[in-house]
Protein chains: 2
Amino acid sequence: MVIFQPSARRGLVEEGTNIIEASRQLGVDIEALCGEKKVCGKCKVRIEEGAFEKFGITSRRSHASEWQEEENKFFTPAQKKEGYRLACVAKVQGDVLVFVPEEARAGKQVVSKAARDIHIDLNPAVKMYHVEVTPPAFEEPTGDYERVCGELERRYGLKNLSIDLPTLRKLPRRLREGKWQVTVAVWMDKDVIRVLPGKVEDYYGIAIDVGTTTVAAYFCNMRTMEVLTTVSMMNPQCKYGEDVMARITYHMMNPNGLETMSNDIIDGLNSLVVQACESTHPPKKKKKGIKLDEVEETANAAEPAEPDEEKAEEEAAKDDKQYLRLNPDDIVDMTIVGNTAMHHILLKLDPEFVGLAPFPPVVHRNLDIRARDIGIKINDSAYVHVLPNEAGFVGADNVGVLIAEEPYKNEQMQLLIDIGTNGELVLGNKNKMISCSCATGPALEGAQLSFGMRAAPGAIERITIDPETHEVNYKVIGKDAWKNYSKPEEMKTKGICGSGILDVLAELYTSGVISKSGRFSKSQKSQRYRINPDTKQPEFVIAWANETSIGKDVVISQKDVRQIQLGKGALYTGCKLMMRRMGLDKVDVIKIAGAFGTHVDKTKALIMGLFPDCDLENVLSVGNAAGDGARAALLNRAKREEANWVSRNVEYVELTVESDFQDQFMQAMQIPHMKDEFPHLEGIVLPEILHQK
Amino acid sequence: MVIFQPSARRGLVEEGTNIIEASRQLGVDIEALCGEKKVCGKCKVRIEEGAFEKFGITSRRSHASEWQEEENKFFTPAQKKEGYRLACVAKVQGDVLVFVPEEARAGKQVVSKAARDIHIDLNPAVKMYHVEVTPPAFEEPTGDYERVCGELERRYGLKNLSIDLPTLRKLPRRLREGKWQVTVAVWMDKDVIRVLPGKVEDYYGIAIDVGTTTVAAYFCNMRTMEVLTTVSMMNPQCKYGEDVMARITYHMMNPNGLETMSNDIIDGLNSLVVQACESTHPPKKKKKGIKLDEVEETANAAEPAEPDEEKAEEEAAKDDKQYLRLNPDDIVDMTIVGNTAMHHILLKLDPEFVGLAPFPPVVHRNLDIRARDIGIKINDSAYVHVLPNEAGFVGADNVGVLIAEEPYKNEQMQLLIDIGTNGELVLGNKNKMISCSCATGPALEGAQLSFGMRAAPGAIERITIDPETHEVNYKVIGKDAWKNYSKPEEMKTKGICGSGILDVLAELYTSGVISKSGRFSKSQKSQRYRINPDTKQPEFVIAWANETSIGKDVVISQKDVRQIQLGKGALYTGCKLMMRRMGLDKVDVIKIAGAFGTHVDKTKALIMGLFPDCDLENVLSVGNAAGDGARAALLNRAKREEANWVSRNVEYVELTVESDFQDQFMQAMQIPHMKDEFPHLEGIVLPEILHQK
């Protein structure tokens with residue numbers, strides 16, 4: 001028996017299962033950022049003793065496997081004594097009681113991926129055609145399908161149509177229900193995928209962006225192009241590892257890893273579809289309470305409604321018409337974008353070789369797959385259109401960004417930055433485009449830091465540090481007021497998320513806590529600065545224990561600063577080397593896609609040297625451009641062709657093979673020389689920062 | 001509890017289930033020729049009492065539902081007293097013990113559908129292409145699929161190929177297993193359906209003829225066109241009714257009828273596929289017996305083979321190479337023909353409207369369906385090609401006959417007769433073709449007669465009647481010697497099958513037992529002639545009870561003679577009216593397809609007036625031409641186009657709407673005026689028969 005606290009979930013697992021796997025089987029979410037490679041240290045749990053009685057177990061000892069060498073670096077001797085372990089190391093060897101501290105619990109992320117207004121021409125892959133056919137007669141006993149096809153050709157010029165079997169099966173009844181009038185949904189002018197009785201005009205599709213961390217779905221009316229609703233969720237694969245390499249590793253280490261991860265995302269997409277459809281249903285009414293002595297009466301006679309109730313019901317009936325009551329069966333088209341690894345895992349294509357140099361994907365081009373063939377539960381005969389991959393990890397998500405932003409239609413030299421867990425960059429204009437992928441790592445999103453976390457309630461998202469006093473003010477997600485306007489004990493923070501991370505670095509630097517090289521200045525007097533007694537590393541306290549929900553100080557350590565520097569260095573190096581390839585000193589426009597772009601403070605990003613100098617007015621956040629691209633491909637089939645062309649016409653450059661990559665990278669890790677590299681910051685930031693050497 | 005005797009199968013069924021449905025659920029086969037319409041009387045069973053103890057049941061009474069009016073005509077009062085019931089009428093209402101008499105048991109049919117030699121040009125829909133690609137490199141990190149496509153285009157000119165997802169999933173491993181050499185199976189020059197490592201030349205397909213009664217499969221090497229093996233079976237749907245209308249009725253009377261029947265035929269096809277594949281495996285060896293005291297020794301050391309055994313093993317190894325060891329996964333293409341009802345039921349297309357005037361099918365044209373979409377277990381990505389239907393019940397099977405026999409390529413006026421449970425006729429030449437369907441009924445195949453049965457062991461297949469003594473001689477299936485050369489008690493007959501039926505009528509007529517009109521001559525003295533005391537009908541004894549395995553006389557009754565006359569009348573009327581439509585007095589060639597054609601005695605068929613006069617030399621039996629057509633479409637994709645053209649260019653005529661149809665039909669039921677209508681019989685049959693009026 002394994003019991004998890006505080007959730008009290010329990011159950012039997014096979015002996016030898018590690019705690020993290022046991023937590024999955026029993027429905028407890030433990031953070032596993034590194035994919036059980038024993039390096040992130042996020043899955044710290046405490047094995048407890050002697051509290052088994054209340055679960056009906058007589059043994060008073062937990063039976064976990066022996067302490068391993070790898071665990072030493074994550075725990076102090078005191079913690080070891082208390083029973084702390086890494087959940088990816090410790091294995092179940094009998095009854096075990098496991099306490100999961102709050103910081104190890106995988107929380108629900110706040111996802112904000114609303115649909116932007118972008119221009120799309122209406123020309124969907126699925127179109128609706130209304131026809132009326134003559135009933136069969138002895139003189140003309142033609143088959144039902146042939147009569148429909150005859151009219152489709154005569155009225156709309158559609159020739160050589162095929163029809164999917166499940167739809168053909170419904171045809172005879174639908175024709176007769178519609179009294180020989182039907183509306184036919186035709187995919188790509190060649191395949192009949194739905195037949196509805198009578199005349200129907202509105203029809204629906206869904207565009208999906210499968211991110212490494214977040215999945216967003218845009219539910220669209222395909223006639224009006226209206227986005228009915230946007231729904232999103234965490235990628236359920238997060239439990240197998242935070243980044244793409246961790247997922248690929250999970251596949252390679254587990255015989256059914258690929259299938260498990262694929263099934264998880266497919267189940268997730270199906271639940272998003274249901275959620276999207278439910279948004280068109282009236283809210284479920286609560287049943288009226290009926291007193292026991294009234295039961296018989298109401299069962300035999302219609303309950304006489306009170307005048308007020310009658311009115312309310314009338315209102316409700318009127319109100320009711322606004323609900324479309326759509327079901328998954330009403331969704332006749334779906335488009336999907338995702339990076340190459342997400343793409344491969346979703347389709348159960350072996351992602352192993354994508355993770356090995358020279359990183360060839362199984363397939364580049366776009367794919368049209370019957371939804372049912374991958375277990376997607378929408379209309380029986382509907383297709384899923386998966387956008388093409390570029391190269392390496394630069395996948396269909398980047399193609400989505402490109403067809404949404406269309407840099408290839410402009411003279412302006414655009415730099416498109418999509419910072420997810422993996423950074424994907426495109427630089428170019430109508431003449432040429434190049435792309436690269438850079439290992440920004442998860443630090444920029446807040447992961448793999450001492451107190452990094454996802455953008456979930458309790459995460460610090462904004463920070464300022466007073467240059468004089470070094471006092472910290474901050475704001476947490478889920479609470480409106482900044483710390484200085486609240487009681488400290490109300491903050492209940494537990495870590496720092498992506499947008500806060502960049503603030504931290506910029507503020508630490510401008511307040512003089514760290515130097516240009518990222519090193520903590522040892523001369524400072526702040527009581528927030530200290531040497532950690534266990535790690536012997538310098539660290540700076542962002543929030544004191546009494547402001548947190550985890551009972552300890554939230555700090556940023558020297559190592560954390562280095563992680564952030566690595567991330568921003570990788571991104572900056574990518575940008576600079578791409579510019580060099582293109583022979584450019586500067587770019588005209590920088591577009592930042594993804595949630596990071598929405599939340600980041602552009603000025604601070606420039607101060608930190610995340611990307612090259614540019615007029616701040618031309619640094620634009622384009623939101624979830626990948627999702628916009630998926631939506632464009634849903635509503636305009638020409639965009640699918642464009643996507644195929646784009647994916648083959650962006651030159652992928654592997655930057656790590658450049659001879660001076662290491663030098664460039666080392667330099668980019670530093671906080672930059674403002675004056676030299678960012679003339680556009682002049683007048684925006686303090687002169688002393690700009691001229692600091 | 002329901003218990004069936006003599007099989008002793010037993011089990012629980014829901015109360016209210018009729019006996020025939022209970023028999024299906026418990027795996028007992030009871031004949032149900034009419035599809036439970038209570039009209040064929042084939043499903044006679046005896047409900048027994050008081051023998052329950054040995055099954056551990058205390059009750060001594062069987063609990064079946066009340067006697068129904070419809071049952072009266074099938075049983076004598078004595079039989080009623082004995083407990084005889086129709087299994088389609090009597091329902092289970094508690095414990096029941098049911099005895100199934102031998103004549104009600106659905107036996108295994110002797111099926112003989114060997115492949116004929118017909119000329120086919122080799123041009124299959126699936127072709128194999130061998131390519132070698134360059135491994136991926138940093139300079140060219142193209143996707144695996146794109147590299148294969150590039151070579152397919154460069155070497156073979158194949159463009160815009162798609163690939164099915166299950167095949168794409170296997171691609172990366174197969175490429176690496178084959179050291180960047182693979183053989184690719186491409187369907188219709190557009191879809192990649194299989195990738196094998198290295199160079200592969202032979203590949204395999206299967207052509208299937210789904211008859212109402214018999215299903216035959218031709219397993220072919222698609223490179224050499226060789227038929228590796230032919231396998232066949234009873235259509236497992238026979239238990240739901242013998243003819244197409246009975247099956248359609250079963251669908252309409254049972255909520256899951258269509259699904260049940262479809263699943264049954266699909267399961268059947270899958271077992272045929274397995275059986276076909278197993279013919280390429282070495283026979284399973286019996287394990288050598290090992291004495292107990294030798295066990296340890298042999299477990300630890302390789303057993304030293306005796307010199308003789310060594311030699312035998314060498315032989316076996318040599319012998320072994322002849323086995324291909326093919327599996328269903330090796331089958332990359334399948335074609336299917338069948339009449340419209342079999343076609344619809346197989347594909348779960350609603351057959352209701354095919355059974356209602358003006359008999360429109362759901363679809364005419366040919367269909368390409370992924371095998372997996374209908375549950376056919378062959379290669380993951382393979383297609384099933386279903387040939388097109390003509391009109392009414394004249395379906396893809398008749399199209400198969402046409403593309404095998406190609407009457408449209410000849411000057412000669414050909415009459416093609418395919419007598420299955422439904423008769424399908426085509427008349428024409430290169431200028432014009434017309435087709436019709438005629439309700440020959442099951443009588444010509446031996447069904448719905450007092451002692452009609454399928455061509456199974458024990459069935460009488462040949463009969464002669466001595467014109468003087470009226471003594472009967474006959475031959476049964478499964479026994480070489482005729483009755484006159486055997487002991488009567490060895491014959492063990494239990495009925496008369498299709499080929500015997502025609503003999504009976506011809507012999508009864510030529511021996512003077514019946515007149516031209518089909519009436520039994522009352523003046524005859526034969527002790528075999530009698531009036532049945534129960535039915536008051538004249539009947540003629542073919543086999544005395546002591547020659548049978550059912551303990552009673554096998555007879556042919558006046559009603560039976562009428563049934564046969566109806567069948568032959570329908571066929572002859574069809575032929576004559578078609579000739580009239582075409583303005584023909586005579587036809588040049590008559591081709592008889594199906595098992596009936598193989599077994600029928602041409603002369604006797606002419607005497608009986610089954611089809612119009614023709615030079616006997618030009619009356620040809622073409623065997624299972626429908627299956628040959630399926631095979632032609634498997635090996636030559638041009639035949640699929642031809643089939644589509646043919647199906648649209650045969651004019652379907654509905655003969656029952658002709659004004660003099662009834663007159664023609666009445667006349668055709670008579671045994672014809674030989675001299676007037678069959679000049680070709682002159683010199684072949686006895687003058688007294690020819691000139692008889």
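Visitor: What makes the meeting of the side chains of B:Arg173 and A:Asp350 a salt bridge?

Guide: In this predicted model, the side chains of B:Arg173 and A:Asp350 meet at 2.5 Å, N to O. A salt bridge asks for a side-chain nitrogen of Lys or Arg within 4 Å of a carboxyl oxygen of Asp or Glu, and therefore the pair of B:Arg173 and A:Asp350, at 2.5 Å, is given that name.

Visitor: How do you know which chains the pair of B:Arg173 and A:Asp350 joins?

Guide: B:Arg173 lies in helix 4 of chain B, whereas A:Asp350 lies in the loop between helix 9 (340-346) and strand 14 of chain A, so the pair joins two chains.

Visitor: How many salt bridges are there between chain A and chain B, and how many does a search of the whole structure find?

Guide: Between chain A and chain B the count is eight salt bridges, and over all chains the search finds 80. Another salt bridge is formed by the side chains of A:Arg365 and B:Glu146, with 3.0 Å from N to O, and because the cut-off is 4 Å, this pair also meets the definition. As for polar contacts, 21 residue pairs, both residues at pLDDT 80 or more, are counted between chain A and chain B.

Visitor: Which elements of chain A give two or more residues to the side that touches chain B?

Guide: Those elements are helix 3 (144-156), helix 4 (165-177) and strand 14 (367-370) of chain A, and the largest share, seven residues, comes from helix 4 of chain A. By class, the residues on this side of chain A divide into 24 nonpolar, three polar and 13 charged.

Visitor: What area do chain A and chain B bury between them?

Guide: Chain A and chain B bury about 3700 Å² between them, and 63% of this area is on carbon and sulfur atoms. Of the area that chain A buries against chain B, A:Phe138, A:Arg169 and A:Arg365 supply 16%, more than any other three residues. The contact takes 40 residues from chain A and 40 residues from chain B.

Visitor: Why are helix 3 and helix 4 of chain B called roughly perpendicular?

Guide: The axes of helix 3 (residues 144-156) and helix 4 (residues 165-177) of chain B come within 9 Å and cross at roughly 75 degrees. Angles of 65 to 115 degrees count as roughly perpendicular, and therefore helix 3 of chain B and helix 4 of chain B are described in that way. Their contact is made by B:Asp144, B:Tyr145 and B:Val148 of helix 3 of chain B, together with B:Leu168, B:Leu171, B:Pro172, B:Leu175 and B:Arg176 of helix 4 of chain B; by class it has six nonpolar, no polar and two charged residues.

Visitor: At what angle do helix 3 and helix 4 of chain A pack?

Guide: Helix 3 of chain A and helix 4 of chain A pack at an angle of about 75 degrees, with their axes 9 Å apart, and that makes helix 3 of chain A roughly perpendicular to helix 4 of chain A.

Visitor: What joins A:Ala357 and A:Pro358, and what makes the phi of A:Trp180 worth a remark?

Guide: A cis peptide bond, with omega of about 0 degrees, joins A:Ala357 and A:Pro358, and A:Pro358 has its place in the loop between helix 9 and strand 14 of chain A. In chain B, a cis peptide bond joins B:Ala357 and B:Pro358, with omega of about 0 degrees. A:Trp180, found in the loop between helix 4 and strand 8 (181-187) of chain A, has a phi near 70 degrees, a positive value in a residue other than glycine. Most residues other than glycine have a negative phi, and most peptide bonds are trans.

Terms used
Residues are numbered from 1 along each chain as its sequence is written. Chains are lettered from A and ligands numbered from 1 in the order in which they are written. Side-chain values use heavy atoms; hydrogens and water are left out. Axes are lines fitted to C-alpha atoms, for helices over the stretch in contact, and angles run from 0 to 180 degrees between N-to-C directions. Helices (H or I, at least four residues) and strands (E, at least two) are DSSP runs, numbered from the N terminus. Angles under 35 degrees count as roughly parallel, over 145 as roughly antiparallel, 65 to 115 as roughly perpendicular and the rest as oblique. Contact means heavy atoms within 4.5 Å. Ala, Val, Leu, Ile, Met, Phe, Trp, Tyr, Cys and Pro count as nonpolar, Asp, Glu, Lys and Arg as charged, and the others, Gly among them, as polar. Buried area is the accessible area (1.4 Å probe) that two parts lose on being put together, summed over both. A polar contact is a pair of N or O atoms within 3.5 Å; within protein, one must be able to donate a hydrogen and the other to accept it, and residues adjacent in sequence count only if both atoms are side-chain atoms.
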